[in-house]
2 protein chains.
Amino acid sequence: MYEGPVQDLIDELGRLPGVGPKSAQRIAFHLLAAEPADISRLQEVLQKVKEGVQFCEICGNVSEEATCRICKDTRRDISLVCVVEEPKDVLAVERTREFKGRYHVLGGALDPLSGIGPDQLRIRELLRRIGGDEGGVQVAEVIIATDPNTEGEATATYLVRMLRDFPGLTVTRLASGLPMGGDLEFADELTLGRALSGRRAM
Amino acid sequence: MYEGPVQDLIDELGRLPGVGPKSAQRIAFHLLAAEPADISRLQEVLQKVKEGVQFCEICGNVSEEATCRICKDTRRDISLVCVVEEPKDVLAVERTREFKGRYHVLGGALDPLSGIGPDQLRIRELLRRIGGDEGGVQVAEVIIATDPNTEGEATATYLVRMLRDFPGLTVTRLASGLPMGGDLEFADELTLGRALSGRRAM
């Protein structure tokens, strides 16, 4: 449609997730008018990412060094491990300021149809972590915080089966139920059913 | 929030128009998992755009060579010039397959509050085009196809004033009115007013 590098840029941008043809065009013309320094900064960070981002050797989160900030933090409770699917889930739990343990990032959820089985996730690393000791302290509780969807639930079920034979280990799952600030009449039946079966004495 | 280059990439992506923090994060993690070749292609097109995209010396549209494909096309009616704000407007008019003349890309619309006056747009080039002759043929009609918003209307009014003294030149403006497939009751009063005042005998 356009000529030369502009169309190439639009095509490349259009391959990114969530960037449709219109957005790609808009971003391309923004870059066309941008300062060369702005484009250089974008190129540099792409280069760094291409050269490889480090992942924490303990939890698997993205990290600047061999061990991430959270795993290095001595104030955190080593006996508590929260298992999440992706690095962005670590951020989500961190934002609650409620969790003081460490994380384990699986790198996804079980999804056999997409070819993602236990070997594609960091499950072996999790078992090794639980089986060994974390800096001299035995892991006491694993909180499974995978997404409350089909893949996340399947992953949680699989993990519970793998973890239940560890002596002295408690395995928990994030509560499902009504979202705070939500409205009972607008809750879908699955969520409301979970809220009902998970009701608590008060 | 994240460590190292990942956060830098999210920050840079978040500066692009229409890319919010969530999309930036999504794109960044997509690139993290992408093949190095994919990232290289993106870097290369950025490099080409940074090195400068050529603009057609006749119409000002983005172009691979000194003269763009449209201006080079000898089958197009040289006596007809359609004035648009941006290269993407050329595409929009081309998609109609109704226009067989050539274009003139202003590079924006008059917007004094943002410091865009006549000198920031390619208006002088337009006057020179109309005043001279396009490959031996006098321009007979200028169709003003700036956006039907405040800036576009102001630009159209300004252009009409600049062009009305050219002898034998017809200056026209795209019709405003109800969008096709639209619903009369949902039309805003400005559009409906325009449709009414621009009504045609049938």
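Student: Is A:Glu153 buried, partly exposed or exposed?

Tutor: This is a predicted model. A:Glu153 has a relative accessible area of 23%; because buried means under 20% and exposed over 50%, A:Glu153 counts as partly exposed. A:Arg173, at 28% relative accessibility, is likewise partly exposed.

Student: Which side chains meet in a salt bridge with an N to O distance of 2.8 Å?

Tutor: Those of A:Glu153 and A:Arg173 do. This pair links distant parts of the chain, since A:Glu153 lies in helix 7 of chain A and A:Arg173 in strand 6 of chain A, 20 residues apart.

Student: Which residues does B:Glu12 meet in salt bridges?

Tutor: B:Glu12 pairs with A:Arg41 at 2.7 Å, N to O, and with B:Arg15 at 2.7 Å, N to O. B:Glu12 itself is buried, with a relative accessible area of 9%.

Student: How is the contact between the two chains to be described?

Tutor: The size of an interface is often given as the accessible area lost when the parts come together. Chain A and chain B bury about 4,700 Å² between them, 69% of it on carbon and sulfur atoms. In chain A, the residues that lose the most area to chain B are A:Glu3, A:Leu46 and A:Lys50, which together make up 15% of what that side buries. The contact takes 47 residues from chain A and 47 residues from chain B. Between the chains the count is two salt bridges, and eleven residue pairs are found in polar contact. Helix 3 of chain A gives the largest share of the side of chain A that touches chain B, with 13 residues. That side divides into 25 nonpolar, eight polar and 14 charged residues.

Student: Which residues have the most contacts inside the largest nonpolar core?

Tutor: They are A:Leu13, A:Leu31, B:Leu13 and B:Leu31, in a core of 42 residues. Helices 1, 2 and 3 of chain A and helices 1, 2 and 3 of chain B each supply at least two residues of this core. Apart from this core lies another, of 17 residues, among them A:Leu106, A:Ile123, A:Val139 and A:Ala156.

Definitions and conventions: Residues numbered from 1 in each chain as written. Chains lettered and ligands numbered in written order. Predicted model: local features only at pLDDT ≥ 70, side-chain atom pairs only at ≥ 80, totals over all residues. Heavy atoms only, no water. Core = buried A, V, L, I, M, F, W, Y, C linked by side-chain atoms within 4.5 Å. Buried < 20%, exposed > 50% of the residue type's maximum accessible area, 1.4 Å probe, protein only. Helix = DSSP H or I, 4+ residues; strand = E, 2+ residues; numbered from the N terminus. Contact = heavy atoms within 4.5 Å. Buried area = accessible area lost by both parts, 1.4 Å probe. Salt bridge = Lys/Arg side-chain N within 4 Å of Asp/Glu carboxyl O. Polar contact = N/O pair within 3.5 Å; in protein donor to acceptor, adjacent residues only side chain to side chain. Nonpolar A, V, L, I, M, F, W, Y, C, P; charged D, E, K, R; others polar.
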